[in-house]
Amino acid sequence: TSDLPVYTLEEVTKHCSLDSGVWVTYKGGVYDITEFVSMHPGGDKILLAAGGSLEPYWALYAVHQQDHVLELLSEYKIGVL
Ligand code: HEM
């Protein structure tokens, strides 16, 4: 079972910059990826998803459809929608 907090979409959308923190959602999970932004192999493009859903971008950039990418993302999980 997960004791992670539940966040609203409205709260996620507030975290859309490096100053406010960068949160994203993926399949019902909420992730604080602020610390990962500067390590992203795809550079600043990651900020396009800031405050919103990864799904449309990861559909475009299929390089993310790999177990090692999902494992990396899971390290940043802070809650659920
Ligand atoms: C590559 C993670 C969001 C665009 C990668 C790779 C990882 C990664 C691990 C390297 C994959 C590999 O080569 O095996 C993430 C994570 C994200 C995220 C954890 C969100 C939390 C995004 C977004 C975009 C994006 C939103 C585009 C809008 C790219 C591109 C590459 C890439 C273009 C290829 C870079 C290259 O090889 O030249 N990402 N990504 N990523 N990502 Fe992301």
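Select strands β2 and β3 to start: they form a hairpin with two residues between them. Strands here are DSSP runs of E with at least two residues, helices are runs of H or I with at least four, and both are numbered from the N terminus. The model is predicted: local features need pLDDT of at least 70, side-chain atom pairs count only at pLDDT 80 or more, and totals for chains, interfaces and linings use all residues. Residue numbers run from 1 along each chain as its sequence is written.

**The turn**

Now select lysine 27, which lies in the loop between β2 and β3. Lysine 27 is not a glycine, yet its phi is positive, at about 45°. Is lysine 27 buried or exposed? Lysine 27 counts as exposed because it has 11 C-beta neighbours inside 10 Å. The cut-offs are these: a residue is buried with 20 or more other C-beta atoms within 10 Å of its own, exposed with 12 or fewer, and partly exposed in between, with C-beta atoms placed from the backbone.

**The sheet**

β2 covers residues 21-26 and β3 residues 29-32, and they pair in the antiparallel sense over four bridges. Two strands pair if DSSP finds at least two bridges between them. Strands of a sheet pair through backbone hydrogen bonds, either parallel or antiparallel.

Select threonine 25, and opposite this residue, in β3, find valine 30. On β4, valine 30 has glycine 79 as its bridge partner. Move to glycine 29, whose bridge partner in β4 is valine 80. β4 spans residues 77-80 and pairs with β3 in the antiparallel sense, over three bridges.

Next, show every strand. The open sheet has four strands in the order β1-β2-β3-β4, with antiparallel pairing. β1 (16-17) and β4 stand at the edges with a single partner strand each, so one side of each has no neighbour in the sheet.

**The core**

Select Val12, Val22, Trp23, Val24, Val30, Tyr31, Ile33, Ala49, Ala50 and Leu54, the 10 residues of the largest nonpolar core. Such a core is a set of buried Ala, Val, Leu, Ile, Met, Phe, Trp, Tyr and Cys residues joined through C-beta atoms within 7 Å. The elements that give two or more residues to this core are β2 and β3. β2 gives the most, with three residues.

Pick alanine 50 from this set. Which residues is alanine 50 in contact with, leaving aside its neighbours within four places in sequence? They are Cys16, Ser17, Val22 and Val24. Contact means that the C-beta atoms of two residues, placed from the backbone, lie within 7 Å.

**The ligand**

Select the ligand and the 19 residues that surround it, the closest being Pro41, Gly42, Lys45, Ala49 and Tyr57. A residue is near a molecule if its C-beta atom, placed from the backbone, lies within 6 Å of it. Helix α3 (residues 67-74) gives the most to this shell, with three residues. By class, the shell has 14 nonpolar, four polar and one charged residues. Ala, Val, Leu, Ile, Met, Phe, Trp, Tyr, Cys and Pro count as nonpolar, Asp, Glu, Lys and Arg as charged, and the others, Gly among them, as polar.

**The whole chain**

Finally, zoom out. The chain has three helices and four strands, in the pattern α-β-β-β-α-α-β along the sequence. Its C-alpha atoms fill a box of roughly 30 × 30 × 20 Å along the principal axes. Of the 81 residues, 15% count as buried.
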